[in-house]
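Try each task before you read its solution.

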Amino acid sequence: MASLSPGFHGRGSRSLVERLPPGQYPTESFPVLSAGPTPHVPTDRWSFTVTGENGGSRSWTWDEMRALPQEQPVVDIHCVTRWSKFDTRWEGVSLDVLAAGVETSAGFVVAESFDGYTTNLPRADVTGGRAWLVHSFDGYPLSPDHGGPARLLIPHLYFWKSAKWVKGLRFTTEDEPGFWERAGYHDYGDPWREQRYWNDA
Ligand SMILES: Nc1nc2c(c(=O)[nH]1)N[C@H]1C(S)=C(S)[C@@H](COP(=O)(O)O)O[C@H]1N2
Ligand SMILES: [Mo]
């Protein structure tokens, strides 16, 4: 039997109190937060493109994306408007798989969406098995309100980093603040450090 290091507990043994970041409250509902109208993107016209800082790119059609290895993350999500939702169930492709599609040594990445929304991240945050392109929620195709046909899921950062209706990732040498980051939200957005607004530590 595998040995566990001292102090290790499976996620099931962590209390919900311990799983709630500072300043957040838990909710059972799933609020919709969109800056503009919901774009409707049929899957037969959907594609996802990863672009390197040197201009090289790689695209996947819907069927090609669905043929990639699929994962079923179960994660807690935290919105900067202070709601948190525990144990949300998704299905999709690890961004490790998609990011490997292009050669890059860039430090940053911008997620770009069909509605014009953008959000920026360090490249390290879309690798390491903690970020996904998801197309299903709770066993059903992701609804348009929540970003269907596909959105990012980056649960270790505030949920505004999880771009809905995402159409691609663009690697950049310089950090390029996205939609909410230019409007005063924190550049990184770690809920455990309460990085809500630009002047938070
Ligand atoms: N394309 C796009 N993605 C987006 C947004 C948006 O307006 N457009 N809003 C962001 C914000 S601020 C949050 S909190 C979450 C909300 O996701 P939900 O509507 O599924 O709860 O999506 C994020 N992704
Ligand atoms: Mo948000």
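**Exercise 1.** Decide whether E194 is buried, partly exposed or exposed in this predicted model.

Solution. Start with the relative accessible area of E194, which is 28%. Buried means under 20%, and exposed means over 50%. E194 is therefore partly exposed. Then check its backbone. E194 is not a glycine, yet its phi is positive, about 50 degrees.

**Exercise 2.** Which residue does a cis peptide bond join to P149?

Solution. The partner is G148. Omega of this bond is about 15 degrees. P149 sits in the loop between β9 (140–141) and β10 (151–153).

**Exercise 3.** Describe the surroundings of ligand 1.

Solution. Begin with the shell: 20 residues surround ligand 1, and the closest are P31, A35, H146, R151 and K164. Sort the shell by type: 13 nonpolar, four polar and three charged. Now take the polar contacts. A polar side-chain atom of H146 is 2.6 Å from an oxygen atom of ligand 1. K164 also places a polar side-chain atom 2.6 Å from a ligand 1 oxygen. A35 uses a backbone N or O atom, 2.7 Å from an oxygen of ligand 1. Finish with the area: ligand 1 taken alone exposes 530 Å², and the protein buries 98% of that. The space ligand 1 takes is the largest pocket.

Terms used. Residues are numbered from 1 along each chain as its sequence is written. Chains are lettered from A and ligands numbered from 1 in the order in which they are written. This is a predicted model: local features need pLDDT of at least 70, side-chain atom pairs count only at pLDDT 80 or more; totals for chains, interfaces and linings use all residues. Side-chain values use heavy atoms; hydrogens and water are left out. Helices (H or I, at least four residues) and strands (E, at least two) are DSSP runs, numbered from the N terminus. Buried means under 20% relative accessible area, exposed over 50%, partly exposed in between (1.4 Å probe, protein chains only). A residue is near a molecule or strand if one of its heavy atoms lies within 4 Å of it. A polar contact is a pair of N or O atoms within 3.5 Å; within protein, one must be able to donate a hydrogen and the other to accept it, and residues adjacent in sequence count only if both atoms are side-chain atoms. Accessible areas come from the Shrake-Rupley method with a 1.4 Å probe; for residues, only the protein chains shown count as cover. On a 1 Å grid over the protein atoms alone, a cavity is a set of points where a 1.4 Å probe fits but cannot get out, and a pocket is an open set with protein on both sides within 12 Å along at least five of seven lines; lining residues have an atom within 4 Å of a point. A molecule sits in a cavity or pocket if more than half of its atoms lie within 2 Å of its grid points. Ala, Val, Leu, Ile, Met, Phe, Trp, Tyr, Cys and Pro count as nonpolar, Asp, Glu, Lys and Arg as charged, and the others, Gly among them, as polar.
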